[in-house]
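Let's take a short tour of this one. Have a look at the sequence and the fold, then read on.

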Amino acid sequence: MPQVAIVMPKMSMTMTEGELLAWHVKVGDVINAGDVVCEVATDKIDMEVEATASGTVVSLHGEPGDVMDVGTPLIMVDAESDDLLAGIFDAPPAPPANEAVAEVAVPAATSAPVDVPVAEVAAPVVTNEKVLATPKAKATAQELHVDIARAVPTGTDGVVTTPDVLKLAASASKEERSLEKRLKTRLAIARAIEASSDIPAFSMTFNMKISGRPITDAAQRTVDYAIAWGRALRAFPELHANWNAGAPESFDSVRLAVSVMAAHGVVTPVVEIPVEIAGDFTARLAAIVADAGRGHIALENLKSSTSGFAELGAWPVTAASGILIRPQSTSIAVGLAHVTGDHEYHLPFTITADHRLADPADVALLATEFARELNR
């Protein structure tokens, strides 16, 4: 049977590398295409990687914590048939399980070896700002973006070796890792915003009267408001469209990018709002929101959205203009409700719309429909 590689997949337009978090298989396991084989962290979230071939696992490449380029082999499989994705990233073939790997210019994204070859100890020692270090240790520090001067040397005569650098990288504080992930998140958001900066959008803020008592649970607010917004959009298909090549194209479904605050910034799982809302859907939506808050989004919730949604009731927000990310034509940001009577409250929210598809009067009607859905 042919051996094929399951590689680090490209799971977003901005993804260039991923951090291996955990294995879900071991050598000798029989897997099927579509099985979850490992978890990786991208610049924004944690995701599951599915097998692209069926067969027996021959070898695993990398350890949890390794950062690997898109296309780098993760698993070698004795496949039942050829992997249809093999070679699509032009990644180099993985070495056989027992083959020695030469330590020559190892890229930053490949797995760092657990056992450092004896050849490194005998290699010439180089200095880096008065720090004695082997060439491999110096290169590893540059690749992992750590200050080699902070490494505790264990080599002869105080020489810093590769294990010393790897130990330093592994002991980086949670604060440093959190900041790095947040910066990556902001860069990804910035790229999306820059690509959509030419959309002629405008925003309108409303303060609608809603019957009943305000929802105190934040997760339940997100579920109820998102469903109401999805239903309102479905009632105005002329506004819920994509402006493409000088003309509108109606969306075939309502897919909301739901903003959720996670540890490293806002993430946006995309949820399709069905025509008929059943009890199991509301529970599933609540679970998606909860998982996103922990930094985990399933592959099925990573796709393009038709509208943006943000629930800001946890803060004293009354108005917040949204940003349209292509191909979105609308977005809504819901603020903090204010009780005005025994059985009513006022809910502030701001709708942002593409001016090529909507005028202020259109958005006012859409806002009224959103409030009507909440009053059902």
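Which residues of α5 are buried?

## Helix α5

They are R221, T222, V223, Y225, A226, I227, A228, W229, G230, A232 and L233, where buried means under 20% relative accessible area with a 1.4 Å probe and protein chains only. The model is predicted, with local features needing pLDDT of at least 70 and side-chain atom pairs pLDDT 80 or more, while totals for chains, interfaces and linings use all residues. Residues are numbered from 1 along each chain as its sequence is written, and side-chain values use heavy atoms, without hydrogens and water.

Helix α5 covers residues 218-234; helices here are DSSP runs (H or I, at least four residues), and strands are E runs of at least two, numbered from the N terminus.

## Helix α7

Helix α7 takes in residues 360-374. Its buried residues are V363, L366, A367, E369, F370, A371, E373 and L374. Among the elements covering them are β11 (201-211), α5, β19 (330-334) and β21 (344-354), judged by contact, meaning heavy atoms within 4.5 Å.

## The largest cavity

A cavity is a set of points on a 1 Å grid over the protein atoms alone where a 1.4 Å probe fits but cannot get out; lining residues have an atom within 4 Å of a point. The largest cavity holds about 40 Å³ of space. I199, A241, N242, W243, R326, P327, Q328, D354 and R356 line it. Strand β12 (residues 241-244) gives the largest share of that lining, three residues.

Definitions and conventions:
1 Å grid on protein atoms, 1.4 Å probe; cavity = no way out; pocket = protein on both sides within 12 Å on 5 of 7 lines; lining within 4 Å. Points joined across faces, edges and corners; volume = space filled by probe spheres on them. Expected span 1.5 Å × (residues − 1). Buried < 20%, exposed > 50% of the residue type's maximum accessible area, 1.4 Å probe, protein only.
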